[in-house]
Every structure is written in structure tokens, then in C-alpha cells.
Amino acid sequence: MKFKININLILFFILYFSSINAEGKSDTRSHNEAFADSIMNEVILFTQNSSISVKELIGQIYIKGNSHIEKKNFLLKFFPSLFPFDRSENGCVFEVLNNLHYYNPSHFTITPIAFNSTSKRALKNQSDIVPLLNVNISNGSIFDNLFIMPGTIESKGIYKYHLDTIIEGSLEKWYKIHYYPKRKSLKLIEGYLYISDKYPVVRMIEAFGRLDIARFELQTRFSEKENEWMIPTENYIKMKYNVANNICISEYRCSYKIIHFELQEEEEKSNKLNLTKYYNIANSKVPVITDSAFWDSQRRYSLTSNEKEMYKKNTEDKKRKEEAKKNDTLPSTDYIKFTEKLVRTYSYETEDTKTKYSGLLNPAGIGYSKVNGISIRQKLSFVKFFPNERFIEVKPLIGYNFKKKEIFGQFNIGAMYRPKRLGRIDLNLKTGNQGFSSAFIDKVNQALDSTKYDFNSLNIKYYRDYHIQLENRIELTNGLLFYGGISYNYRKPTRSNDSIFHHSPLISSEYVDFMPYIRLSWTPEQYYRYIRHQKQYIFSKYPTFSLEYAKSIPGIIGSTSDFDKVELDIHQTINLKRLSLFSYRIGAGGFFNPKTEYFVNYRYFWRSNYPPSWNDHIGGVFNLLEDMWYYASPTYVQAHFMYESPFLMLNLFKRISKYVLSERIYLSQLYTPAKPSYTEVGYGLGNYIFNVGVFAGFHKGKYQEIGFKFTFELDKYW
């Protein structure tokens with residue numbers, strides 16, 4: 001195979017140079033492109049057919065980095081914590097030593113084991129670039145599936161190639177190939193590939209692109225040893241952050257040290273579901289090591305005189321601040337720190353606790369949809385850790401809906417008592433949506449069988465739901481979870497409209513449900529890992545099946561209802577080529593054997609009062625369906641489908657597509673007695689900052705309405 005490829009390249013080189021002489025310099029560019037295309041075809045062919053593949057790689061990565069503020073304004077001075085980069089006034093320098101573990105095909109982890117820095121954000125700085133350290137040259141989507149890699153089968157038709165120069169070396173020639181996307185996208189990169197003339201393999205890659213809110217430059221060298229050509233040896237990364245005209249430049253130099261690697265046989269396949277050893281399982285605090293002798297033995301890039309001075313100055317500043325703190329009981333920066341906490345996520349950690357607050361004015365807690373209008377939310381989380389990964393977690397949440405002028409609250413306390421079996425118990429208290437009882441369902445079904453509807457015209461009596469749920473979860477076997485719990489709902493009237501039903505004996509002043517339930521959730525071939533004693537599910541090639549049965553029992557703690565409820569849910573997300581994915585959710589449910597009046601309350605067919613994240617699991621919620629439709633039917637069947645890709649429509653418009661991370665197409669279908677056929681179609685797009693979508697609703701195939709949805713995606717930073 002290798003001999004054939006080399007002969008093909010030699011023959012093409014002869015034809016290439018002879019054609020240049022024959023046609024003249026005017027066609028040099030077209031020949032360069034044809035020549036580059038031929039080389040890249042050979043690279044793709046060699047990568048596909050090569051039997052050389054790394055099964056497992058163990059090593060270390062030494063990283064030396066520095067950061068400095070290039071430009072700043074008053075926002076950085078008064079609200080420094082709003083910016084996701086190092087804000088040290090005189091810059092910072094840091095060194096980190098990491099353990100590296102790669103396992104075919106895409107299990108890649110970096111575990112910090114020691115660091116030294118002049119900044120508290122040293123490890124955060126490194127985490128920003130970790131995706132760029134995973135350069136698997138034989139994979140179609142490198143960098144933790146963030147970008148499409150040029151020179152792979154997945155990139156055909158996406159990138160253009162042009163021969164830039166030929167670099168003469170002492171042992172081999174390098175063909176420097178300029179690659180650039182045919183269409184702009186945040187999922188694509190631009191740069192240069194350096195191809196060996198001995199074998200059609202990449203010796204070095206240079207890439208330019210955007211990672212989250214930063215632009216990056218990357219240069220990665222690969223080993224030139226036989227059978228190791230896909231293993232990186234050195235990395236240079238430059239990150240440029242520009243937030244509100246505050247610019248920070250960070251540079252990283254990374255050196256790889258390979259301790260062990262093992263080649264994989266072509267026919268070898270792994271059926272192990274336990275992937276613990278292939279993932280980062282160390283989550284404890286990384287030790288700060290300031291011992292110069294240690295770093296002298298590990299350092300692979302010498303410190304510059306400026307970096308040495310920064311380390312020295314940092315030590316002196318720490319001593320000076322400690323002395324000043326003793327004499328200053330109220331530092332002048334306290335007020336500024338307080339104002340910062342109003343607009344960003346605040347977190348505080350000790351050895352055995354973790355507290356996190358979303359921030360009073362944090363934009364990440366704001367969302368808009370046609371049904372709910374503008375909604376805001378406030379979240380607080382407190383976790384107390386115990387030995388063997390057991391913990392107690394408290395999560396209060398409060399929100400306000402401006403359209404409905406209602407406050408919604410939720411309080412959850414959970415305890416992980418058996419981490420290896422995912423054993424957890426939760427107590428949840430919350431205020432639910434307004435709804436109406438089954439006494440009105442028939443009236444609603446008869447009156448609203450048209451494209452025009454108005455619930456207010458029916459003069460229905462509405463009730464507010466106050467909900468308490470106690471639930472226990474335990475793993476029966478890998479992938480099979482058992483849930484058992486009790487749901488208690490107290491419903492009280494919220495308003496009384498004039499109605500023929502107002503004085504009906506069917507209507508009570510309040511209703512109570514005492515409803516025990518059991519649920520099974522099964523995912524075949526569920527891959528998992530352990531973080532010490534804590535088991536975590538990772539992924540599966542198969543869908544998740546869930547079945548729940550609930551029974552309301554009258555006479556217990558004031559319960560007034562008697563009915564059975566059954567729900568079935570199936571959902572899955574399938575990763576496709578070129579960083580696309582397809583998600584679906586299909587489900588059905590109903591209330592059966594009702595002996596008393598009851599309130600419809602489903603688990604998988606529901607409406608949230610809070611602005612949800614765009615990345616929440618698809619399904620359950622229709623974007624334009626009014627709240628009352630979720631309570632107007634004793635049975636339902638729903639189906640949701642979503643296709644996401646970086647290349648749908650906007651790639652035709654280069655000025656717009658370069659700011660778009662992905663586009664989505666939605667299709668949802670609902671069947672209920674009240675709505676025999678309701679369809680929603682939608683289109684959405686977004687990037688690292690926000691997501692927006694437009695949806696259209698159809699009743700029995702007839703157009704009904706259109707609406708928008710908007711969410712901020714700033715939780716990662718704020």
C-alpha cells in the first residue's frame with residue numbers, strides 16, 4: 001500500500017512540474033490547487049487504509065503559559081470577575097504538569113498533577129485550551145468534536161487546498177498545504193498542513209479559529225518516528241480574548257512525553273462498558289509546588305528573565321498583601337466585589353463544601369418564549385461532601401414570569417447515599433402551574449375543536465398546584481435504574497370566573513392527590529466510569545426506555561382522588577458525521593380507571609416556567625402550545641425530532657455563517673382528544689453567547705401561529 005502511494009505521488013509530481021512549464025505562470029495557482037488536492041487525496045487514502053492505529057497512549061504534558069492584558073477599559077477595572085480570562089494587572093506566568101491518557105477511538109483525558117503560578121486562575125487557564133491538546137490527526141473531528149479536521153474523509157467538499165511552498169529538509173521534503181473552508185463556520189478552521197514526501201502523513205498542523213469567545217492560533221508537531229506519526233510531540237497555542245473591547249493575550253507552550261503506547265490490531269474490538277481508566281478520574285485539588293528543584297527537573301522550556309521576575313514579584317506581593325490585610329478590616333475592594341456578585345455566578349469552595357449562586361442580575365437567567373414571555377430565574381446550590389463520594393445537596397430556585405405575573409419556586413434536597421449504585425434520595429417542593437380538573441375536560445374537548453380557541457371564554461375554574469415529592473433511585477444492574485416515590489399535590493383555586501360550573505357540586509374548594517409511583521429506566525449497553533466511588537453514565541449507542549406507573553389512593557393525608565396513570569418514554573441522541581446530530585423523543589401516557597375527579601399531571605409532557613437552557617434534552621415541551629393544553633386531555637401521544645448541523649442554510653451567507661456555531665431544525669407532533677393533530681416546526685441557530693429560534697404551529701394541518709424563543713448561553717462564564 002505504501003509503495004503504491006509513493007509511486008502515485010512521484011508520477012503526479014512529474015506531470016505537475018511538466019504542466020507548469022508547458023502552460024506558463026498564469027496557471028500556477030490552478031496547478032497548485034490541483035497538486036494540493038492530489039496530495040490530500042493520498043493523505044486521506046493512507047489514513048483510511050493504514051493499519052497503524054494507536055490503541056492506548058500514556059504520557060505527560062508539561063505546559064508553560066503566560067498571559068497579559070493588551071487593552072482594557074473601565075469595565076475591567078470595576079467588574080474584573082465578569083471576564084473569563086486572567087486579569088492580573090502585570091500579567092501572569094504558570095507551569096502545569098499533567099498526566100495524559102488516550103484510548104482509541106476518542107477517550108482523551110488530561111489530569112493536572114502539579115502546578116506553580118502567579119495567578120489563582122492557572123488551572124482555569126489550562127482548562128480553556130484542553131480541547132486544543134487533543135489533536136487526533138486520523139480523526140475526522142478533532143479537539144473533542146469541536147471542529148472538522150481537514151485532510152479526512154469527513155472534510156471532503158468542505159475545505160479547499162492550495163500548495164503554498166515546498167520546504168527542503170535534511171531527511172525529507174515537506175509540502176506546505178494551505179487549507180481554508182469553502183464556507184464560513186465556527187466549526188471550521190483555517191491554516192496549513194505540512195505533508196511528508198516519504199509518506200502522505202501530516203508532520204505538522206497550523207490552525208486558526210475560534211474556541212468559545214476566544215480566537216486561537218495553534219501549531220502542533222507530530223512524531224516523525226515510524227508507527228508514531230500520529231502522536232503529537234509539541235504544541236504552541238495563542239488565545240486572544242476580546243470582551244467589550246477588553247483584550248487579553250495568553251500563550252502556551254506544551255511538550256509531550258510518551259511513557260507507553262500500544263498499537264491496535266485492525267480487527268481488535270473492545271466490548272468493555274467500564275471506561276473508568278480511560279477517563280479523568282482525579283477530581284481532587286492539584287498541589288501547588290513552588291520548589292525550584294522540582295520544576296527544574298520537569299521543565300522543558302526555560303523561563304525567560306521576565307517570567308523569573310514575575311515569580312519573584314508574586315512572592316513579594318503575597319507577603320505585602322498579608323501584612324496589609326492584618327491592618328485593614330474593611331478593604332476598599334469589598335464593595336466592588338459585592339457588585340460583581342450581582343451580575344455573575346458566584347461560587348465558594350472549601351475542602352468539603354461547595355456553594356454556587358447564579359447572581360441577582362445575571363443575564364444567563366433570562367429567557368423569552370411566545371407562551372411565557374420574559375422569564376427570569378435565580379438559583380442557589382449548596383453541597384456538603386462526605387467520605388466515599390457521598391454528599392447532601394440543597395438547591396433552591398425561584399423565578400418570575402412577567403407575562404403571567406406569577407412567582408414560581410422550587411426547593412430540592414438530595415442525598416447520594418450509595419454512589420457505586422447511583423443510590424440517591426430526593427425531597428422536592430415546588431409551586432406548579434395553574435390547571436383545571438377533569439370536570440372540565442369534556443367541555444374543553446368539545447369547545448376547542450377548531451384552529452381558534454380562547455380558554456378564558458370557557459369560564460373555567462383554575463387551581464394552583466403545590467407539589468411535594470419524595471423519590472428514591474437505585475441501580476438494579478448497569479443501565480437499569482429503579483425509581484420509587486410518593487407524589488403529594490395540594491390544589492387550591494386561584495380565581496373564580498362566572499360560569500355554569502361555578503356552583504356545580506362537582507367542584508370542591510380544594511383537591512389533594514396522594515400518589516405512590518414506580519418507574520424503570522433502561523439503556524442497553526450503557527458505558528460508564530467511576531470517579532473513585534462515584535459511578536457516572538457516559539453514553540450508549542441505544543435509546544433510553546422509561547416506563548412509569550402511578551396510583552392515586554384516596555383517604556390518605558386528605559387525598560380526594562382515585563385513578564391510575566401510565567407513561568412510556570423513549571429518547572436518544574445520535575451523533576452523525578461532520579459534527580451533526582439527530583435527537584428524537586417519543587412518548588405516550590394517560591389516566592385510567594378514574595373513580596373520582598382528578599387533575600392531569602404528566603412527567604414527560606409538561607411546561608416549564610423557567611427559561612430553559614437551549615441544550616436541555618429535546619421533548620416534552622412544545623414551544624407554542626398554551627399551558628392549558630397540557631391539562632386538557634386524559635391521554636397523549638407525542639413525538640419530537642431535531643436535526644443539528646453546522647451546515648444547513650446559513651453557510652451560503654459567509655458574513656453571517658462565520659458567527660454561527662450550529663443550526664437546528666425541529667419537528668414535533670402531538671395527538672390528544674382535545675387536539676387530534678397539532679404540529680410544530682421550527683428553525684434555530686446559535687453560538688457561544690446566545691441561541692434563538694422561530695417556530696410555527698399547525699392545528700389539523702392549518703397554520704395557527706408563529707413565535708420566537710431566545711436564551712442566553714452564558715452560564716459557562718457568568
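Select Leu422 to begin: at 8% relative accessibility, this residue counts as buried. You are looking at a predicted model. Leu422 sits in the loop between strand S16 (406–418) and strand S17 (423–435). Check its backbone too, for the phi of Leu422 is near 55°, a positive value in a residue other than glycine.

Now move to Asn388. Its place is in the loop between S14 and S15. Asn388 is not a glycine either, yet it has a positive phi of about 65°. Is Asn388 buried or partly exposed? With a relative accessibility of 43%, Asn388 counts as partly exposed.

**The strands around S14**

Keep Asn388 on screen and colour the strands on both sides of it. S14 and S15 form a hairpin with 5 residues between them, and Asn388 is in that turn. S14 and strand S15 (residues 391–401) are antiparallel and share 9 bridges. To see one of the facing positions, select Phe385, which stands opposite Phe391 in S15.

How many bridges does S13 share with S14? The two pair in the antiparallel sense over 4 bridges. A hairpin leads from S13 to S14 through 3 residues. Within this pairing, Gly367 is the residue opposite Ser375 in S14.

Strand S12 (residues 353–357) is joined by 5 bridges to strand S14 (residues 373–385), and the two run antiparallel. Here, select Lys356 and look across to Ser381 in S14, which it stands opposite.

**A buried histidine**

Select His467 in strand S18 (residues 462–477). His467 has a relative accessible area of 8%, so it is buried. Which residues does His467 touch, apart from those up to four places away in sequence? They are Asn428, Leu429, Lys430, Ser487, Tyr488 and Asn489. Ser487 is 20 residues from His467 in sequence, while their C-alpha atoms are 7.4 Å apart.

**Two nonpolar cores**

Now show the nonpolar side chains. The largest nonpolar core has 65 residues, and those with the most contacts inside it are Ile177, Ile195, Phe216 and Met239. Helix H2 (residues 28–49) supplies the largest share of this core, with 6 residues. A second, separate core holds 31 residues, among them Ile460, Phe563, Tyr598 and Tyr678.

Go back to Ile195 and display its surroundings. Setting aside neighbours within four places in sequence, Ile195 is in contact with Ile39, Met40 and Val43, among others. Its contacts also include Lys173, Trp174, Tyr175 and Ile177. Pro200, Val201 and Val202 are on the list as well.

**Rings and charges**

Turn to the aromatic side chains next. The structure holds 31 aromatic pairs.

Now widen the selection. Which residues do ring pairs link into a cluster with Tyr602 and Phe605? Select Phe563, Phe591, Tyr598, Phe622, Tyr630, Tyr636 and Tyr678 to complete the cluster.

Lys176 lies over the face of Tyr192, 4.4 Å from the ring centre. At the other site, the charged end of Lys535 sits over the ring of Tyr528, at 4.1 Å from its centre.

**The whole view**

Finally, zoom out and colour by secondary structure. The protein has 10 helices and 30 strands. Of its 718 residues, 50% are buried. Among contacts between residues at least 6 apart in sequence, 60% join residues at least 24 apart.

Definitions and conventions. Residues numbered from 1 in each chain as written. Predicted model: local features only at pLDDT ≥ 70, side-chain atom pairs only at ≥ 80, totals over all residues. Heavy atoms only, no water. Core = buried A, V, L, I, M, F, W, Y, C linked by side-chain atoms within 4.5 Å. Buried < 20%, exposed > 50% of the residue type's maximum accessible area, 1.4 Å probe, protein only. Contact = heavy atoms within 4.5 Å. Pairing = 2+ DSSP bridges. Phe/Tyr/Trp six-rings, centres within 6.5 Å; stacked < 30°, edge-to-face > 60°. Lys NZ or Arg CZ within 6 Å of the ring centre and 35° of its normal.
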